[in-house]
Amino acid sequence: MTLARLAPILFVFLWSTGWVVAKFADRFADPLTFLAVRYAVAAVLFYMVCRSTGAAWPKKPAAFFHALVSGVLLHGFYLGAVWWAIGQGVPAAISGIIAGLQPLMTGIAATRLVGERLNPSQRLGLLLGFVGIAIAVLPKVFAVDAAAIPAFAVVVNIIGMAFVSGGTIYQKRYLHEGDIRTVATLQYVGALAVTLPAAYLIEDMRIEWSLGLVATLGWAVLGISMGAIMLLLYLIRRGDVSKAASLIYLVPPLAAVEAAVAFGEQLTGWMMAGTALAVVGVYLTNRGARPAQESGVGVRR
């Protein structure tokens, strides 16, 4: 299989493991503290990759700035908000349904901000994907005691979804050329610049060094921060952002399967039916898609 065909499959799998990683990471460190360490390690490793492979750094100050800002939006504000909200007691089921808002938000905004045009089947696909996610996770949402969920944390979670939608569009609009490896490095520098002070201000910066922490951090950095993010940047640059964002619909159902394997959580018929509908939605959003020409992309196959 070519990278173009394999990338969406790998991205969905790697990104979905982030839910499991978040649950494991909470055993060893405060959410933002863990993310700060993760971003620092990812930035160093990406820098080493850039140095060893001769990756080209942006020549214009504006390109540096755009890469840093996109990192603040995509990683710093988005993941910081979601992980903090989960740490405050927002159930994964509710966080999952909120995550389903992102492709809809991105698709609507992309038509206005970057001139993307969605045909009727693509619009139907985005809607079906969200309905599928709702069917899959709403039974769990209704089973949760609403009074026990901090409302402010839910609001922060929703704001996080807005940031990732904005970051995706920002990436498409201002970082459509240049080497993806150096862009990713700068993005993690930007994410670290906002996450570390936030961790210092609102957390105890608890971190318990152990083999479990190292293993969790290793997968978070290599599998998600490097592997999944490189694939996401590749997909955004290659095609329309609404099509790349629609893949997020497949993440919560797959994460539910992984949670069932890792933590013994129950899989239900509603989850399976909702997942099937989400798959149909992603197919409709992406079918007949013609990849955009890559210009100046530092990706080597």
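Me: Which side chain meets Arg206 in a salt bridge, together with Glu208 or otherwise, and what is the N to O distance?

Reply: Side chains of opposite charge can pair when their charged atoms come close. Here, Glu208 and Arg206 meet through their side chains in a salt bridge, at 3.4 Å from N to O. The term stands for a side-chain nitrogen of Lys or Arg within 4 Å of a carboxyl oxygen of Asp or Glu. This is a predicted model, where local features need pLDDT of at least 70, side-chain atom pairs count only at pLDDT 80 or more, and totals for chains, interfaces and linings use all residues. Residues are numbered from 1 along each chain as its sequence is written, and side-chain values use heavy atoms, with hydrogens and water left out.

Me: How many salt bridges does the structure hold?

Reply: There are three. In one of them, Asp30 pairs with Arg206, with 3.5 Å between the closest N and O atoms. Asp30 sits in the loop between α1 (3-25) and α2 (31-53), and Arg206 in the loop between α8 (180-202) and α9 (211-238), so this pair ties together parts 176 residues apart in sequence. Helices here are DSSP runs of H or I with at least four residues, numbered from the N terminus.

Me: Is Asp30 buried or exposed?

Reply: Asp30 is buried, at 14% relative accessible area. Buried means under 20%, exposed over 50%, and partly exposed in between (1.4 Å probe, protein chains only). Arg206, at 26%, is partly exposed.

Me: What about Asp179 and Arg181, buried or exposed?

Reply: Both are buried, and their side chains form a salt bridge of 2.7 Å, N to O.

Methods: Helix = DSSP H or I, 4+ residues; strand = E, 2+ residues; numbered from the N terminus.
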